[in-house]
Structures are given as C-alpha cells and as structure tokens.
Amino acid sequence: MDWKKHIDSDPEIASGKPIIKGTRLTVEHIIGLFASGWTKEQVLSNYPSISEESLNAAFAFITEIVRDESVYFIKKSVA
C-alpha cells in the first residue's frame with residue numbers, strides 16, 4: 001500500500017506529527033485507539049472523516065517505520 005497518499009505531516013498541524021490527510025487526527029492517536037481495544041468499525045463510526053483505506057495506510061506507515069528502526073537492548077549489570 002502506498003501510505004503516502006493518505007498520511008501527511010504539516011508543522012502547523014499537531015506539531016508536525018504524521019496525520020491522516022484532510023484531518024487533524026494523528027497516526028499516533030489512531031493506532032492508540034486500536035491499542036486500547038477499539039475495533040475498526042468503532043474507529044470508522046466515531047471518525048467518519050477517515051476511510052478504511054486511510055486506516056490501512058496508517059498501519060502501513062507504522063509498519064515501515066518499525067521495519068526501518070533499530071532497537072538495541074542493553075543489559076543492566078547488577079551491583
């Protein structure tokens with residue numbers, strides 16, 4: 001999926017955080033709703049300004065971000 005058609009960033013909106021185009025809804029907020037247990041139907045019903053395709057784009061965007069991220073675990077030593 002080409003998430004770039006649905007996700008935008010504007011320094012004047014949400015301090016430049018990625019948003020669903022045409023809205024002020026951040027990708028972070030949308031993904032947070034799912035993390036809180038919301039269903040796709042609940043999100044679409046409560047936010048009629050976004051489409052199912054926009055939701056899929058948000059997940060594609062997050063997937064790309066996570067795939068490109070490196071995580072290093074540092075084991076704490078016990079004193």
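Helices here are DSSP runs of H or I of at least four residues, numbered from the N terminus. With that settled, leucine 55 sits in helix 3, and I will come back to that residue. What you have on the screen is a predicted model.

First, the overall layout. The protein chain has three helices and two strands. Starting at the N terminus, the order is β-β-α-α-α. The C-alpha trace spans about 55 × 30 × 25 Å along its principal axes. Buried residues account for 25% of the 79. If you take contacts between residues at least 6 apart in sequence, 38% of them join residues at least 24 apart.

Now the surface. The chain exposes about 5,900 Å², and 54% of that is supplied by carbon and sulfur atoms. As for charge, there are 9 positive and 11 negative charges, and their mean positions lie 6 Å apart.

On to helix 3. This helix covers residues 52-68, which is 17 residues. From first C-alpha to last, helix 3 reaches 25 Å, close to the 24 Å expected at 1.5 Å a residue. Its buried residues are Ser54, Leu55, Ala57, Ala58, Ala60 and Phe61. An α-helix has 3.6 residues a turn, so residues three or four places apart point the same way. What do the buried residues of helix 3 pack against? They pack against both strand 1 (7-8) and strand 2 (19-20), and also against helix 1 (27-35) and helix 2 (40-46).

Back to leucine 55. Is leucine 55 buried or exposed? Its relative accessibility is 2%, so leucine 55 counts as buried, the cut-off being under 20%. Setting aside neighbours within four places in sequence, leucine 55 is in contact with Ile30, Phe34, Lys40, Val43, Leu44 and Ile50. Arginine 24 is 31 residues from leucine 55 in sequence, and the two C-alpha atoms are 14 Å apart.

Which residues does histidine 6 touch, leaving aside neighbours within four places in sequence? The contacts are Ile19, Ile20, Lys21, Glu53, Ser54 and Ala57. Of these, Ser54 and Ala57 were among the buried residues of helix 3.

Methods. Residues are numbered from 1 along each chain as its sequence is written. This is a predicted model: local features need pLDDT of at least 70, side-chain atom pairs count only at pLDDT 80 or more; totals for chains, interfaces and linings use all residues. Side-chain values use heavy atoms; hydrogens and water are left out. Buried means under 20% relative accessible area, exposed over 50%, partly exposed in between (1.4 Å probe, protein chains only). Contact means heavy atoms within 4.5 Å. Accessible areas come from the Shrake-Rupley method with a 1.4 Å probe; for residues, only the protein chains shown count as cover. Lys and Arg count as positive and Asp and Glu as negative; His and the chain ends are not counted. The place of a charge is taken as NZ of Lys, CZ of Arg, CG of Asp or CD of Glu. The expected span of a helix is 1.5 Å times one less than its number of residues.
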